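Please look over the sequence and the structure shown here before reading the notes that follow.

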Amino acid sequence: LGDEITEMWGRGEAKFFPGKPFLNRGIRHQTTPQMLVRFRQDVISLKPKVVVIQGGSSDLAGYSGPATQGTISENFMSMTELAQANGIRVVLASVTPVCDCFKILTDRRPPGRIIGINGWLKDYAAESGSVYLDYYSALVEGRAMRKELTVDGLIPNDAGYKAMASLAEQAITQALGQK
């Protein structure tokens with residue numbers, strides 16, 4: 001479940017987890033409150049064993065108005081609680097880095113805010129019994145997305161998604177192994 005970073009996964013040559021029973025529920029420019037609204041339909045109704053929740057970047061960009069770390073955090077907490085109440089294990093994915101390599105993106109998605117949200121996500125994953133999926137570290141150099149891993153400074157390219165795929169599979173396996 002996520003925004004355009006999830007939606008675009010599989011649109012290039014790197015396919016979306018071929019041979020795996022995974023569903024892509026990413027929607028471009030979706031913010032965490034919008035993801036929360038569709039959580040029952042796009043997650044709970046499908047009865048998955050695990051949900052990977054990837055969001056926050058569109059919140060920072062202000063696609064549904066100003067968003068604070070507090071409101072973003074509350075939306076992640078609500079989605080996590082809904083999933084767990086329905087017997088679905090949770091993987092919380094980090095907000096991915098951005099770079100100004102093609103156009104200015106850091107004015108709407110400041111690296112410091114991304115790092116702050118990721119710190120909260122990591123702590124909350126531990127507190128809630130969820131798995132933290134650190135895409136950020138795999139894609140970043142300094143505080144910016146590595147240019148060779150992105151098509152536009154925000155969306156990963158095939159190499160970026162390849163780096164993310166192995167981490168996602170490890171996190172899903174870890175979540176499935178939890179009691």
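Helix α8 gives the most to the lining of the largest pocket, with six residues; helices (H or I, at least four residues) and strands (E, at least two) are DSSP runs, numbered from the N terminus. The model is predicted, so that local features need pLDDT of at least 70 and side-chain atom pairs count only at pLDDT 80 or more, whereas totals for chains, interfaces and linings use all residues. Residues are numbered from 1 along each chain as its sequence is written, and side-chain values use heavy atoms, with hydrogens and water left out.

- The largest pocket has a volume of about 640 Å³, where a volume is the space filled by probe spheres set on grid points that are joined across faces, edges and corners.
- Of the 28 residues that line the largest pocket, the closest to its centre are Phe-22, Leu-23, Val-50, Val-52 and Ile-172.
- On a 1 Å grid over the protein atoms alone, a pocket is an open set of points where a 1.4 Å probe fits, with protein on both sides within 12 Å along at least five of seven lines, and its lining residues have an atom within 4 Å of a point.
- The elements that give two or more residues to the lining of the largest pocket are β1 and α8.
- Sorted by class, the lining of the largest pocket holds 18 nonpolar, four polar and six charged residues, where Ala, Val, Leu, Ile, Met, Phe, Trp, Tyr, Cys and Pro count as nonpolar, Asp, Glu, Lys and Arg as charged, and the others, Gly among them, as polar.
- The second largest pocket holds about 230 Å³ of space, and of the 14 residues that line it, the closest to its centre are His-29, Tyr-63, Lys-103, Asp-152 and Leu-154.
- In the lining of the second largest pocket there are six nonpolar residues, one polar residue and seven charged residues.

- At the start of α8, a side-chain oxygen of Asn-157 comes to within 3.1 Å of the backbone nitrogen of Ala-159.
- The buried residues of α8 (under 20% relative accessible area, with exposed meaning over 50% and partly exposed in between, for a 1.4 Å probe and protein chains only) are Gly-160, Tyr-161, Met-164, Ala-165, Ala-168, Ala-171, Ile-172 and Ala-175.
- Covering these buried residues of α8 are elements that include α1 (4-7), β1 (50-53), β2 (89-93), β3 (131-133) and α7 (135-139).
- Helix α6, with 18 residues, reaches 25 Å from its first C-alpha to its last, close to the expected 26 Å.
- The buried residues of α6 include Ile-114, Trp-120, Leu-121 and Tyr-124, and its buried residues pack against α4, α5, β2, β3 and α7.

- Glu-4 lies in helix α1 and counts as buried at 4% relative accessibility.
- Leaving aside neighbours within four places in sequence, Glu-4 is in contact (heavy atoms within 4.5 Å) with residues that include Arg-28, His-29, Tyr-63, Arg-109 and Tyr-161.
- The side chains of Glu-4 and Ser-58 are joined by a polar contact of 3.2 Å; such a contact is a pair of N or O atoms within 3.5 Å, and within protein one must be able to donate a hydrogen and the other to accept it, while residues adjacent in sequence count only if both atoms are side-chain atoms.
- Thr-96 is placed in the loop between β2 and α6 (111-128), and it is buried, with a relative accessible area of 0%.
- Again leaving aside neighbours within four places in sequence, the residues in contact with Thr-96 include Ile-5, Ile-114, Tyr-135, Leu-154 and Met-164.

**Positive phi values**

- Most residues other than glycine have a negative phi.
- Phe-17, in the loop between α1 and α2 (32-37), has a positive phi near 45° although it is not a glycine, and at 8% relative accessibility it counts as buried.
- Lys-47, in the loop between α3 (39-42) and β1, is not a glycine either and has a positive phi of about 55°, but Lys-47 is exposed, with a relative accessible area of 69%.
- Gly-129, which follows α6, has a positive phi near 75°.

Definitions and conventions. The expected span of a helix is 1.5 Å times one less than its number of residues.
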